[in-house]
2 protein chains.
Amino acid sequence: MADLTAGIIVIGNEILSGKVTDSNSPFMAQKLREHGVELRRVVTIPDEIDLIAREAREFHEQFDHVFTSGGVGPTHDDVTIEGIARGLGRRVIRHPRLEEGIRGFVKGEVNEAQLKMAEVPEGAVLVEDGNLGFPTILIENIFVLPGIPEILRRKFDALGPRFASEPYHLKVIYTRWNESAIAAMLNQTMLEFPELLLGSYPKIDNPDYRVKLTIESKDEGYAQRAFKRLLGLLTEEAIVRTE
Amino acid sequence: MADLTAGIIVIGNEILSGKVTDSNSPFMAQKLREHGVELRRVVTIPDEIDLIAREAREFHEQFDHVFTSGGVGPTHDDVTIEGIARGLGRRVIRHPRLEEGIRGFVKGEVNEAQLKMAEVPEGAVLVEDGNLGFPTILIENIFVLPGIPEILRRKFDALGPRFASEPYHLKVIYTRWNESAIAAMLNQTMLEFPELLLGSYPKIDNPDYRVKLTIESKDEGYAQRAFKRLLGLLTEEAIVRTE
């Protein structure tokens, strides 16, 4: 089975200017991995229509699933919908069902800013979830998510079953040797298991271990064989423990 | 004065797979802002030579300063140097001064993995800092930084004076109204102050305020005038406090 891929577009001047730390893409990265989806690219860009349009078009073409975070509120700098629409060559329209929902929610007269929240790229689908109140906008393969972490998380979790794939199988080795000492063994393992996802993560000033090695594959037997081979190459002397 | 711009390329499968949360780009974003540099783009990509090459070339052309984070160790997945070299159309060479330093540092025989750490794109400059031990590799406008946060931070702080620009001037307004209620006032302010950097950040479930507004410019008087105008539009009723 070909792996499903994903890309994340984080939209927000507040992140680029260091005012806010993006916790949405790390959250989605973890969740996508748990769902067996290969996240290939995360980009953070300003609230500018042309830049959003360019990324939306590229990500739409390159990845199976695309997630945007941010830029969907009622204010002047919320231009994500317009950017995505431009990137996909579509008009921005006011979605009747969203407008109806907003008019029902707002007490008294509805203003222009509130109605902006009903705008979608033409052809967008509303993904409903009983618990979320406001549906998630899906246009082609792009899920449009809000920047507020609490809401993004709830929406993303609700969407999970839509894009889940086969899981990765992970084995871990902690070594007491440093990377330079084990590099040749890692290279040998990669030669014999070219499809392996092999990660090497040094930890400085750590009394417990020097390098954490991650051995991964969607094929459980392959991961297991590579794990055993690497254990043999490293020898017991180098190994603190395995997981 | 034209603003200095920057881009950050984060390289690492461990970030895309959710194993490690990138703290380097948030750190650099904050520091760049303090230095008055406009961060325009952050991208996170896998440890793959072609992808690194493509980003290195693009960022090199688009921004004044480029910073890469990760992929510079001695193991199989450390391909940042090779990627940048390819992106800039240069060969990878072993830098005599780095090789000398490594041979001096290592006790006993030096292996291939250790010597890999002496590789640079041809034409690279070594930026020395008395305290850092290992110099920072600078090729054209690309600073090549390691992924380990403790080391990256020390290096980045040492490099600061090389790329500092004029500072931004920031004023903040906290409102008790929500974004829909103030959107028209923000739009009016942007009409009158088109060069203003105006941010609007809602906070949900917060007893203190509903929206934090940031008013910024490199021109202190401009920021001050826009701040006053927006205060007037909002009226006292809407304002919790200012900073």
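Visitor: How many bridges join strand 9 of chain A to strand 11 of chain A?
Guide: This is a predicted model, where local features need pLDDT of at least 70, side-chain atom pairs count only at pLDDT 80 or more, and totals for chains, interfaces and linings use all residues. Residues are numbered from 1 along each chain as its sequence is written, while chains are lettered from A and ligands numbered from 1 in the order in which they are written. Strands (E, at least two residues) and helices (H or I, at least four) are DSSP runs numbered from the N terminus, and two strands pair if DSSP finds at least two bridges between them. Strand 9 (residues 169-175) and strand 11 of chain A run antiparallel, and the bridges joining them number seven.

Visitor: Which residue of strand 11 of chain A stands opposite A:L197?
Guide: Strand 11 of chain A also pairs with strand 10 (residues 197-202) of chain A, antiparallel, over six bridges. Opposite A:L197 stands A:E216.

Visitor: How many of the seven residues of strand 11 of chain A are buried?
Guide: A residue is buried if 20 or more other C-beta atoms lie within 10 Å of its own, exposed if 12 or fewer, and partly exposed in between, with C-beta atoms placed from the backbone. Strand 11 (residues 211-217) of chain A is largely enclosed by the rest of the structure, because the buried count is six of the seven.

Visitor: How far apart do the C-alpha centres of domain 1 and domain 2 of chain A lie?
Guide: Domain bounds come from an automatic or database domain assignment. For chain A it gives domain 1 (5-163) and domain 2 (169-242). Their C-alpha centres are separated by 38 Å.

Visitor: What rotation superposes chain B on chain A?
Guide: Copies are superposed by least squares on the C-alpha atoms of residues with pLDDT of at least 70 in both. The shift along the axis is 0.0 Å, the RMSD is 0.0 Å, and the rotation is 180°. That is the relation of a two-fold axis.

Visitor: Which residue of chain B comes closest to the rotation axis?
Guide: Strand 2 (residues 38-45) of chain A and strand 2 of chain B run antiparallel, joined by three bridges. There, A:T44 stands opposite B:V42. At 2.1 Å from the axis (C-alpha), the closest residue of chain B is B:V43.

Visitor: How many residues does the contact take from chain B?
Guide: Two residues are in contact if their C-beta atoms, placed from the backbone, lie within 7 Å. Chain A gives 43 residues, and chain B gives 43.

Visitor: Which residue is the bridge partner of B:I137 in strand 8 of chain B?
Guide: Strand 7 of chain B and strand 8 (residues 142-145) of chain B run antiparallel, with three bridges. Their hairpin has two residues between the strands, and B:E140 takes a positive phi near 55°. The partner of B:I137 is B:V144.

Visitor: Is B:E166 buried or partly exposed?
Guide: B:E166 sits in the loop between helix 7 (149-163) and strand 9 (169-175) of chain B. Its C-alpha atom is 24 Å from that of B:K212, 46 residues apart along the chain. B:E166 has 13 C-beta neighbours inside 10 Å, so it counts as partly exposed.
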